[in-house]
Amino acid sequence: MSERIGVFVCHCGTNISSVVDVEQVAKDAGGWDNVTVAMDYKYMCSDPGQELIQSKIKEHNLTRVVVAACSPRMHGPTFKKTLERVGVNGYLMEMANIREQCAWTSDPGELATEKATALTRAAVKRVNFHQPIKESEVSVNKATLVVGAGIAGIQTALQIASAGYPVYLVEKEAYIGGHMAQFDKTFPTMDCSACVLTPKMVDVNQDPNIDLFTNSQVVGVEGYVGNFKVKVRTEPRYVNLKTCTGCGDCVSACVMKDRIPSEFDEGLGKRSAIYIPFPQAVPLKAVVDKESCLFLAKGKCKQTCIEACQVNAINFQEEEKFTELEVGSIVLATGYKLFDPSIGPQWGYGLYDNVITGIQFERLANASGPTGGKLVLKDGSQPQRVAIMHCIGSRDENYYAHCSRVCCMSSVKFAHQIKEKTGAEVYEFYIDMRCFGKQYEEFYNRVQEEGVQFIRGKGSEVVEVDGQLTVRAEDTLLGVFREIPVDMVILNNALIPQEDSDQVASLFGLCSGEDGFFLEAHIKLAPVNTAVDGVFLAGCCQSPKDIPDTVAQASAAAAQALSAIALGKVKLSPVRAAVEASRCSGCMSCVNICPYGAVGFDKEQKVSVINQALCKGCGTCGAACPTGAITTSHFTREQIMAQIEGVCAQ
Amino acid sequence: MSKKKDFEPLIVGFLCNWCSYTGADLAGTARIKYPTSIKIVRVMCTGMVDPSYVVKAFKEGADGVLISGCHPGECHYVEGNVKTMRREPLLANLLEQLGIERERFKLMWASASEGEKFAKAVQEMTDILKPMGPLNLGGGKKIG
């Protein structure tokens with residue numbers, strides 16, 4: 001029995017029809033084998049467009065459907081559902097990608113129309129061989145893994161935990177809070193960062209549904225959506241998390257007291273080898289830095305910390321620990337790294353004393369920072385003139401092309417704080433002011449009125465002229481070159497991907513974008529999803545974001561995990577390989593080639609057998625099979641051969 | 001002469017769903033123009049491209065075949081692309097024995113963010129194939 005195929009060609013407004021003669025494509029399609037009906041329509045994905053397809057299915061009793069429109073990555077699921085709503089299996093539909101892969105990449109004319117016709121013909125030939133497929137469902141483990149405990153990870157974890165489900169929150173540092181814990185104030189409201197964040201950090205620690213792993217990293221991921229198995233490695237803290245009271249006696253007793261540059265204070269303050277980075281740290285427990293601890297690094301120390309500890313919480317014998325976790329979803333909230341401005345000598349960072357980064361300014365301004373919140377120069381005096389330079393490392397083809405998004409606003413915030421604390425002259429060197437968020441433009445206007453001088457032009461150089469720190473820049477509004485003597489320079493450096501983001505991406509099976517941040521499944525339609533079902537993104541690991549956007553995205557990621565938990569089951573991709581036993585010669589080529597160990601061998605029957613639960617549907621075994629005994633569903637040999645015939649036919 | 005000038009090669013592209021097909025979509029979203037010569041067949045992984053698919057494309061009249069997948073180490077299926085990488089020299093050899101020039105068959109890697117790289121590769125391959133003219137096997141008759 002031959003199929004009855006309906007072909008529906010979309011104009012996509014004028015997106016496709018301005019380049020491709022869609023009416024001609026539909027007209028040609030009407031003449032092809034097994035095509036019962038072929039038509040074009042302005043917007044196939046719209047309600048009337050989908051209703052048109054449904055009415056034609058009913059009217060002509062169609063058994064197969066081809067939609068020539070956008071990429072199947074865009075509306076494949078939409079049209080699959082269109083069929084399902086009128087009782088036709090969604091896999092009996094094929095899309096021809098004539099927008100992203102034809103209209104948008106071609107000049108208008110005959111060649112574009114020919115290409116669209118070829119792609120549509122290929123889809124028609126292919127769909128003849130489609131089979132109805134029932135998607136299998138698997139149950140979802142109710143626990144979620146959240147990787148990274150900055151504001152993004154914290155928000156996601158709290159959101160999921162508040163719904164009553166378990167969360168494993170894994171943080172590589174000894175404390176949670178991420179960059180936000182270091183900030184002084186947050187724009188545009190000038191809320192104190194700690195006042196917003198620390199209550200959430202405490203909640204994380206107290207929530208019975210959240211299991212916090214500090215000093216820990218994910219080292220192994222197996223399984224699939226709903227049923228991941230994760231291995232976590234925890235580095236020794238050398239301090240018992242249960243018994244340590246966070247009193248700080250060990251910190252003051254340490255022989256290295258005030259001798260190690262504090263990472264939390266960005267090198268502006270000093271700490272001990274055993275330390276608690278800031279008073280509100282969560283967990284409020286000491287940690288030993290094994291690099292700077294004399295006993296751990298060199299084996300000789302009086303161990304004054306052990307003497308000082310009244311609860312015997314310090315244990316230098318502690319070893320690394322591995323934990324296996326089972327979770328249904330994974331949310332990555334691994335954050336960002338800051339661009340190192342010492343890479344570019346033109347900015348003078350590391351060369352001149354009073355050239356600092358934005359995050360160093362945060363620590364200077366912070367009341368619990370190294371200067372107790374006093375804005376001072378290295379010599380302790382107050383600055384009279386301060387330069388703030390935007391886009392250090394970002395929007396710069398020599399370093400990173402992307403915009404870091406938050407620096408314009410944090411620069412405006414710095415200017416406001418400097419005015420407030422010192423009354424100094426402030427010069428901001430910017431390329432463009434990007435004050436896009438809610439109340440941002442208003443905040444910018446307010447700071448302009450405070451007398452801050454905004455100079456449109458990227459500061460090109462920081463130099464010392466006769467011992468005077470000086471910023472050189474082109475003022476592109478006045479069209480003049482300017483040299484402005486200052487006491488302090490704040491380099492607002494770019495947010496860039498974490499150092500190990502490539503390894504993290506490959507560990508979880510993700511892709512990275514051109515900018516190095518993790519790639520979302522679809523920038524608009526699935527911004528927190530990834531190419532791996534059940535793995536979601538939150539915060540700056542996807543791209544630079546301010547705190548409001550990060551919190552919103554973190555909640556979105558939590559909602560994704562929760563919807564799978566609420567449903568209790570997820571559908572698996574039905575693309576799976578299977579062996580036709582009668583054609584299998586038992587050569588075992590497929591057994592070794594499978595990256596998942598999904599192909600086994602039945603020694604009695606002497607044929608290969610594929611474990612459907614382990615198979616991911618890559619089809620590599622099928623390509624290796626010399627007898628054609630292996631078929632990958634929805635990507636069968638017949639389907640692909642027909643598609644090849646379709647694109648090649650003239 | 002004029003006929004040869006008008007010759008538009010036909011390239012069949014086998015692109016993996018996760019990297020290169022997504023990258024080709026990105027080329028579209030970014031409105032990067034490239035020749036219409038390429039007609040893309042989506043596969044889940046380049047590892048699923050049976051060598052016979054490539055032979056079939058040439059048999060059906062393709063002037064070139066391009067396989068594009070994730071970069072080695074970035075395969076959605078761990079290492080399907082590595083399997084393809086190993087098959088490629090063998091297949092290229094076989095094709096040459098059939099009289100199909102080496103330039104007509106290409107394997108490349110393009111990630112989901114490399115739309116421009118993909119578009120450039122199509123342009124380059126088209127530029128190479130154009131002066132070569134149509135694939136001519138067995139005195140103009142189709143093989144197989």
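# Briefing: cysteines, aromatic rings and the fold of chain B

A:Arg271 lies over the face of A:Tyr275, at a distance of 4.1 Å from the ring centre. This contact belongs to a predicted model, in which two disulfides and 15 aromatic pairs are found over all chains.

**The disulfide in chain A**

- A:Cys192 and A:Cys195 are joined in a disulfide, with their sulfur atoms 2.4 Å apart, a separation that meets the criterion because a disulfide is taken as a pair of cysteine sulfur atoms within 2.5 Å.
- The link of A:Cys192 and A:Cys195 is right-handed, with 95° about the S-S bond.

**The disulfide in chain B**

- In chain B the disulfide is formed by B:Cys19 and B:Cys70, whose sulfur atoms are 2.3 Å apart.
- The torsion about the S-S bond of B:Cys19 and B:Cys70 is about 100°, and the disulfide is therefore right-handed.
- B:Cys19 lies in the loop between β1 (11–16) and α2 (20–29) of chain B, while B:Cys70 lies in the loop between β3 (64–69) and α4 (80–97) of chain B, so the pair ties together parts that are 51 residues apart in sequence.

**Cysteines without a bonded partner**

- For A:Cys618, the closest cysteine sulfur belongs to B:Cys45 and is 5.4 Å away, which is too far for a bond; A:Cys618 itself is buried, with a relative accessible area of 9%.
- B:Cys45 is in no disulfide either, and the cysteine sulfur nearest to B:Cys45 is that of B:Cys75, at 4.0 Å.
- B:Cys45 is also buried, with a relative accessible area of 3%.

**Aromatic rings in chain A**

- A pair of aromatic rings is described by how far apart the centres are and by the angle of the planes.
- The rings of A:Tyr168 and A:Phe213 have their centres 6.3 Å apart and their planes at 65°, so this pair is edge-to-face.
- That pair links distant parts of the chain, with A:Tyr168 in strand β7 (residues 167–170) of chain A and A:Phe213 in strand β10 (residues 210–213) of chain A, 45 residues apart, and both A:Tyr168 and A:Phe213 are buried.
- The rings of A:Phe187 and A:Tyr440 are likewise edge-to-face, because their planes stand at 80°, with the centres 5.3 Å apart.
- The pair again links distant parts of the chain: A:Phe187 is in the loop between β8 (185–186) and β9 (191–192) of chain A, and A:Tyr440 is in helix α12 (residues 440–449) of chain A, 253 residues apart.
- A:Phe187 and A:Tyr440 are both buried.
- One aromatic cluster is formed by A:Phe339, A:Trp347, A:Tyr399 and A:Tyr400.
- A:Arg126 lies over the face of A:Phe635, at 5.0 Å from the ring centre.

**Chain B as a whole**

- Chain B has five helices and four strands, and read along the sequence these follow the pattern α-β-α-β-α-β-α-β-α.
- A compact globule of 144 residues would have a radius of gyration near 15 Å, and the 15 Å of chain B agrees with this.
- The C-alpha trace of chain B spans about 45 × 35 × 20 Å along its principal axes.
- Of the 144 residues of chain B, 59% count as buried, and chain B exposes about 6100 Å², of which carbon and sulfur atoms supply 54%.
- Among contacts in chain B between residues at least 6 apart in sequence, 80% join residues at least 24 apart.

**A loop residue in chain A**

- A:Ala613 lies in the loop between β33 (607–610) and α16 (620–624) of chain A, where A:Ala613 counts as partly exposed, at 47% relative accessibility.
- A:Ala613 and A:Thr636 are 23 residues apart along the chain, and their C-alpha atoms are separated by 19 Å.

Terms used. Residues are numbered from 1 along each chain as its sequence is written. Chains are lettered from A and ligands numbered from 1 in the order in which they are written. This is a predicted model: local features need pLDDT of at least 70, side-chain atom pairs count only at pLDDT 80 or more; totals for chains, interfaces and linings use all residues. Side-chain values use heavy atoms; hydrogens and water are left out. Helices (H or I, at least four residues) and strands (E, at least two) are DSSP runs, numbered from the N terminus. Buried means under 20% relative accessible area, exposed over 50%, partly exposed in between (1.4 Å probe, protein chains only). Rings of Phe, Tyr and Trp (its six-membered ring) pair if their centres lie within 6.5 Å; planes under 30 degrees apart count as stacked, over 60 as edge-to-face and the rest as tilted. A charge sits over a ring if NZ of Lys or CZ of Arg is within 6 Å of the ring centre and within 35 degrees of the ring normal. The radius of gyration is taken over C-alpha atoms; the globule rule is 2.2 Å times the number of residues to the power 0.38. Contact means heavy atoms within 4.5 Å. Accessible areas come from the Shrake-Rupley method with a 1.4 Å probe; for residues, only the protein chains shown count as cover.
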